[in-house]
Amino acid sequence: MPTVDDILEHIGEFNFFQKQTFLLLALLSAAFTPIYVGIVFLGFTPDHRCRSPGVAELSRRCGWSLAEELSYTVPGPGPEGQAFPRRCRRYEVDWNQSALGCVDPLAGLAANSSLLPLGPCRHGWVYDTPGSSIVTEFNLVCTNSWMLDLFQSAVNVGFFIGSVGIGYTADRFGRKLCLLITILINASSGVLVAISPTYTWMLIFRLIQGLVSKAGWLIGYILITEFVGLSYRRTVGIFYQVAFTVGLLVLAGVAYALPHWRWLQFTVTLPNFCFLLYYWCVPESPRWLISQNKDAKAMKIIKHIAKKNGKSLPASLQSLGPDEEVGEKLNPSFLDLVRTPQIRKHTLILMYNWNLGVLVCSSMCDIGGIITPFLVYRLTNIWHELPLVVFAVVGLIAGGLVLLLPETKGKTLPETIEEAENMQRPRKNKEKMIYLQVEKLDTPLN
């Protein structure tokens with residue numbers, strides 16, 4: 001019986017229907033950008049200093065400029081250019097006392113202002129920004145800066161759990177149903193993030209958004225690759241991710257126009273509700289329907305695709321078969337990725353590099369995303385360039401490990417676990433075996 005790929009060769013592997021569906025799902029890919037990298041704008045940390053009661057009044061009375069006010073009332077940058085004292089500490093001075101003058105007001109209290117005692121910011125902070133972010137609204141600076149790291153880590157926890165579970169869920173309940181559910185939850189939780197009254201609620205809704213957003217993105221990827229013919233799968237997969245890059249460019253422009261984080265969150269979230277219209281625009285994957293023995297529904301969708309592409313479906317192709325014929329039922333599991341030595345080695349290398357792109361390796365990327373916010377933001381407190389050094393070293397190690405993969409050795413890629421394990425056996429033995437087999441087959445013909 002013909003497979004879906006056989007039928008697509010006759011009705012169009014990438015014609016009008018596939019192009020239309022690709023454009024629709026590419027919008028979904030672009031809309032994933034604000035969730036994945038939105039922390040850059042939502043969590044922007046502007047220059048800040050402690051709010052000190054009385055300083056504003058003294059500055060007004062003395063007619064200071066902003067530069068003079070900062071010079072007189074804010075501690076210096078500290079040793080080796082560190083900005084921590086300037087941003088997170090304040091002079092333990094009562095700025096309301098009348099004895100303070102307008103010219104170097106601290107001169108009467110100490111010969112050198114560096115000798116004055118410093119204390120924490122007890123009255124909040126002043127932020128030098130015309131807009132707002134979750135940092136400025138919830139004061140996620142200084143001793144509370146770890147809460148910004150947690151905010152980004154929460155969404156990556158969601159990515160990890162969602163990307164691990166979506167494969168089974170989409171296989172069990174179908175691609176289209178899972179896509180629509182993830183879109184609805186993603187859009188709803190995004191709106192709830194924008195109206196969250198407290199940091200705790202914002203964190204909870206961001207976690208929920210992470211649980212479904214990457215899962216929905218992966219389902220879109222699966223759908224488009226299952227709708228096109230074999231020769232176009234790689235191309236649509238690449239351009240599906242190009243759409244994500246386009247989303248980065250659009251996000252930067254929107255964030256520039258909307259400097260207030262709540263309005264930005266609303267703006268990038270509300271379009272997701274439009275994706276619910278895909279209920280009428282994107283059909284279920286016929287490949288999944290066949291796997292569920294729903295051949296009649298699959299054939300109905302295939303005829304719809306043929307009609308959209310302006311093709312006719314020959315009667316000889318109106319009976320369906322599975323994409324692969326196998327002699328026995330296989331029950332693959334995650335354990336197969338680490339059960340044998342060569343597969344285990346390749347799996348660990350790919351998990352380190354994340355160039356497989358789906359499921360386990362994608363999940364390892366999310367684990368990295370959970371750790372990275374704490375790593376990057378805290379390392380900058382030690383040395384500003386230290387995160388770059390760490391990432392450079394990690395990248396060099398990744399480049400070296402890739403050289404151990406068969407893809408980089410000009411070898412034919414294995415199709416089964418057994419072939420992967422046999423790749424390490426000497427090629428000479430294999431050649432001898434083939435030669436002996438040919439010689440043996442030639443003997444009866446003489």
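Predicted model: local features only at pLDDT ≥ 70, side-chain atom pairs only at ≥ 80, totals over all residues.
Residues are numbered from 1 along each chain as its sequence is written, and side-chain values use heavy atoms, without hydrogens and water. Local features need pLDDT of at least 70 and side-chain atom pairs 80 or more, while totals for chains, interfaces and linings use all residues.

Select helix 9 (residues 146–173) and helix 11. Helices are DSSP runs of H or I with at least four residues, numbered from the N terminus. The two axes lie 7 Å apart at an angle of about 35°; axes are lines fitted to C-alpha atoms over the stretch in contact, and angles run from 0 to 180 degrees between N-to-C directions. Contact (heavy atoms within 4.5 Å) involves Phe151, Gly158 and Ile166 of helix 9, among others, and residues of helix 11 including Arg206, Gly210 and Lys214.

Next, show helix 10 with helix 13 (residues 261–269), whose axes come within 8 Å and cross at roughly 170°. This makes the pair roughly antiparallel (angles over 145 degrees). Helix 10 brings Ala187, Gly190, Val191, Val193 and Ala194 to the contact, and helix 13 brings Trp261, Arg262, Gln265, Phe266 and Thr269.

Finally, select Leu28, Asn186, Ser213, Trp217 and Asn272, which lie nearest the centre of the largest cavity among its 13 lining residues. A cavity is a set of points on a 1 Å grid over the protein atoms alone where a 1.4 Å probe fits but cannot get out; lining residues have an atom within 4 Å of a point. Helix 2 (16–31), helix 10 (175–194) and helix 11 (199–227) each give two or more residues to this lining.

Terms used. 1 Å grid on protein atoms, 1.4 Å probe; cavity = no way out; pocket = protein on both sides within 12 Å on 5 of 7 lines; lining within 4 Å. Parallel < 35°, antiparallel > 145°, perpendicular 65-115°, else oblique.
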